[in-house]
Amino acid sequence: MEQQREQWSSKIGFILAAAGSAIGLGNIWKFPYIAGENGGAAFIFIYLICIAIIGLPVLIGEILIGRTTQLNPVGAFKKLSGSSFWSAIGGMGVIAGFAILSFYGVVAGWSMGYFVESVRGSFFDYTEVSGVGEHFNSLTANVFWGIGFLALFMFTTMIIVYAGVQKGIERGSKILMPVLFIILLILMFIGISLEGSSKGLSFLFEPDWGNVTGHSVLVALGHAFFTLSLGMGAMMTYGSYMSKKDNVPVAALQIVFLDTIIAIIAGVCIFTVVFATNQDPAAGPGLIFQTLPIVFTQMPGGYLFSILFFLLLTIAALTSAISLLEVVVAYFVDERGWNRHRAVIVFGSIIFLLGVPCALSYNVMSDVKLFGLNFFDLIDFIASNILLPLGGLFIAVFVGWVWGFDKVVVTLKEGAEKLFEKHAWLMPTWKIFLKYFAPILIFIVFLSSIGLLG
Ligand code: PHE
């Protein structure tokens with residue numbers, strides 16, 4: 001029996017689910033530390049440009065492919081092109097879903113674990129950053145801690161995806177996203193009210209161009225993909241549950257806006273406290289697990305702040321993880337005729353198993369290295385620096401050159417007739433960005449990230 005394919009029950013349901021996918025560890029864990037490492041405001045400026053001229057145009061294209069075909073990435077490319085080359089590009093997205101979720105789940109598991117630590121008040125045992133750093137190392141060195149929380153996180157993700165598009169993903173996002181937003185605003189006000197917080201604000205908003213290098217530009221563009229969940233079919237899959245009455249460009253703009261504003265607010269929360277307590281903004285990936293906890297112990301209301309912070313981080317990770325699992329599930333449901341429940345159980349478990357060596361990279365497998373990278377870093381590198389940019393490049397090329405632009409125009413206008421009537425410049429501008437800017441810039445970034453441009 002053919003089952004009716006689900007759709008979002010409301011426009012806001014899609015926006016919140018897609019924003020939930022975009023807003024994740026990338027915004028709260030990664031963005032602040034890469035901004036910190038690359039000099040703050042000037043880097044943020046470049047990042048905003050990348051989002052606007054590449055992120056947004058490609059996002060519109062990706063959602064559009066999904067909405068037009070109402071299919072998973074493999075099925076979508078197959079339907080529009082009839083070629084197995086393009087189906088394989090969709091397949092690359094499904095593989096990226098497995099890969100990203102396996103290491104993403106590990107960091108998300110740490111967030112859950114840190115939520116427990118913050119409730120227990122463990123950070124108050126330390127007075128030095130080095131102590132919290134050791135605490136982090138001893139937690140991640142514990143095989144059961146890492147794998148246990150990975151399992152708990154994956155299980156939670158699976159429950160939501162198991163419940164389906166409307167009852168699981170949409171309902172979950174409608175509850176979790178407002179909670180996330182409120183927690184973040186509370187944290188921002190606490191951060192700004194701290195003495196010395198203004199140094200953090202100037203670090204974030206007053207550019208010092210001296211610190212910007214070519215490398216910063218590459219980091220900014222790479223991150224633009226990761227943070228918008230672009231290039232692996234997550235937005236395509238979510239777009240496939242959208243109705244033809246919805247306005248794709250406006251939805252994409254709203255998603256980009258929410259994602260960007262949340263990254264910046266997260267930056268404010270983190271750098272106001274980092275500067276108020278004289279910590280190093282360029283502490284790197286450990287910034288929120290190894291630096292921030294000491295900050296909590298030194299600020300008024302730190303106990304509550306720490307609990308809210310790690311709750312926020314876990315929620316953000318969860319709404320992204322469900323979109324990663326959904327890509328894999330949608331493929332097996334649409335293309336292979338699986339039932340959703342079975343697909344969630346089987347592939348959720350396989351992804352958990354793939355996550356195990358990622359978690360073990362921090363303890364028993366720390367010496368196992370390929371190309372100088374441990375398993376965790378290797379999967380992260382392959383997914384974030386190869387599969388996503390390549391996927392984004394192909395999406396831009398497909399929409400700009402292969403699909404047939406007359407058809408693209410017709411389908412993009414569905415649900416957005418008034419917008420394009422009123423602003424006639426929009427369509428040709430989008431076309432130029434998608435056909436030329438995006439592919440060329442992404443290609444340059446791709447070459448340099450795999451080391452060909454030194
Ligand atoms: N956008 C998510 C984040 O910023 C990560 C993600 C990437 C999710 C790709 C889905 C697909 O954390």
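**The ligand and its contacts**

Reply: The side chain of Ser-229 places an N or O atom 3.0 Å from a nitrogen atom of the ligand. This is a predicted model, where local features need pLDDT of at least 70 and side-chain atom pairs count only at pLDDT 80 or more, while totals for chains, interfaces and linings use all residues. Residues are numbered from 1 along each chain as its sequence is written, and side-chain values use heavy atoms, with hydrogens and water left out.

The backbone takes part too. A polar backbone atom of Thr-227 is 3.2 Å from a nitrogen atom of the ligand. On Leu-25, a polar backbone atom lies 3.0 Å from a ligand oxygen. A polar contact here is a pair of N or O atoms within 3.5 Å. Alone, the ligand exposes 330 Å², and the protein buries 100% of that (Shrake-Rupley areas, 1.4 Å probe).

Now the helices (DSSP runs of H or I, at least four residues). H5 (residues 84–120) packs on H14 (residues 302–336) at about 160°, with axes 8 Å apart. Axes are fitted to C-alpha atoms over the stretch in contact, and angles run from 0 to 180 degrees between N-to-C directions. H5 and H14 are therefore roughly antiparallel (over 145 degrees). Their contact has 22 nonpolar, seven polar and no charged residues. Asp, Glu, Lys and Arg count as charged; nonpolar means Ala, Val, Leu, Ile, Met, Phe, Trp, Tyr, Cys and Pro; the others are polar.

Technical notes. Helices (H or I, at least four residues) and strands (E, at least two) are DSSP runs, numbered from the N terminus. Angles under 35 degrees count as roughly parallel, over 145 as roughly antiparallel, 65 to 115 as roughly perpendicular and the rest as oblique. A polar contact is a pair of N or O atoms within 3.5 Å; within protein, one must be able to donate a hydrogen and the other to accept it, and residues adjacent in sequence count only if both atoms are side-chain atoms.
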